[in-house]
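Reader: I am new to this structure and would like a close look at a single part of it. Could you take me slowly through one chain, and through the side of that chain that touches its partner?

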Amino acid sequence: MQRRTFLSMAAGAFALAAVPASVRAEDFRKSKPTVWTAKSVEDAMKAMYGKTDTVKDGVTVVAPDVASNGGAVPVDVKSDIDAKTVAIFQNVNPEAAVIVYDLNEYSVIDFSIKIKMKASGTITAVVEGKDGKLYSGSKTLDVALGGCEG
Amino acid sequence: MKVKAKVKNGVVSVKAMAKHDMWTYDIAEKKTGDRNNANFITHIDAKIADKVVFDASTSQFLSKNPIFKFKVKGDFKKGDPIVMTWVDLKGNTKSKKTKLK
């Protein structure tokens with residue numbers, strides 16, 4: 001068992017070393033580690049942007065009203081805002097952050113992703129505009145079967 | 001990982017499925033009794049013709065075998081190579097290369 005652990009660690013270290021640094025536009029897990037451990041949406045936003053006040057306009061979040069399977073809730077985020085980043089949070093899992101998209105000159109804010117939801121709650125998408133303001137949209141939904149325990 | 005990418009009127013629509021169990025800390029504890037067995041994709045990116053067009057940092061709360069859909073605007077043509085790469089918590093990485101259709 002110990003040897004196996006060692007081997008997998010060695011393989012992991014090699015894989016990390018093999019990925020050139022230039023591939024990363026910005027890895028928010030490294031640059032902002034506290035975002036990923038924050039328990040509430042407010043704390044996660046504070047860790048990410050340093051503030052929590054958002055303009056509740058211009059961001060569309062689409063998700064089903066009732067999700068039968070909390071293990072895979074489809075979420076669509078759309079917006080026309082000229083933005084730097086897009087983040088998705090929710091308020092029922094042990095931690096709030098789900099995904100942070102780092103945008104570039106080619107990006108269109110039209111993302112779809114499937115997420116896990118432990119219980120009924122609210123999904124919030126925050127768009128960080130290039131004007132420095134935060135824009136948000138949210139969707140509250142019912143989850144029939146929670147999806148965090150596998 | 002499966003990647004499909006189509007070009008239409010200067011917009012590339014990409015659909016990618018990363019094959020990954022995406023174990024949260026809770027799942028790992030329930031199945032193996034050890035939270036440290038959790039493993040999930042932490043970062044995924046896509047490059048078309050060597051330009052980074054998509055980049056996301058992710059947490060444990062994506063679904064199992066998560067599907068990423070996104071759009072990209074730019075001067076890309078049919079046949080341009082697209083490469084998608086993910087990295088997980090344990091440092092495993094996987095790439096998939098295909099062409100725009």
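Author: What follows is a walk through chain B and its contact with chain A. The model is a predicted one, and the contact within it takes 34 residues from chain B and 37 residues from chain A. On the chain B side, helix 1, strand 3, strand 4 and strand 5 (67–73) each supply at least two residues, and strand 5 of chain B gives the largest share, 7 residues. Sorted by class, this side of chain B holds 13 nonpolar, 11 polar and 10 charged residues.

The phi of A49(B) is near 50°, a positive value in a residue that is not glycine. A49(B) counts as partly exposed because 15 other C-beta atoms lie within 10 Å.

Another loop of chain B, between strand 2 (11–17) and helix 1 (25–32), holds M22(B). M22(B) is likewise not a glycine and has a positive phi, of about 50°. M22(B) has 24 C-beta neighbours inside 10 Å, and therefore counts as buried, the cut-off for that being 20 or more.

How values were computed:
Residues are numbered from 1 along each chain as its sequence is written. Chains are lettered from A and ligands numbered from 1 in the order in which they are written. This is a predicted model: local features need pLDDT of at least 70, side-chain atom pairs count only at pLDDT 80 or more; totals for chains, interfaces and linings use all residues. Helices (H or I, at least four residues) and strands (E, at least two) are DSSP runs, numbered from the N terminus. A residue is buried if 20 or more other C-beta atoms lie within 10 Å of its own, exposed if 12 or fewer, and partly exposed in between; C-beta atoms are placed from the backbone. Two residues are in contact if their C-beta atoms, placed from the backbone, lie within 7 Å. Ala, Val, Leu, Ile, Met, Phe, Trp, Tyr, Cys and Pro count as nonpolar, Asp, Glu, Lys and Arg as charged, and the others, Gly among them, as polar.
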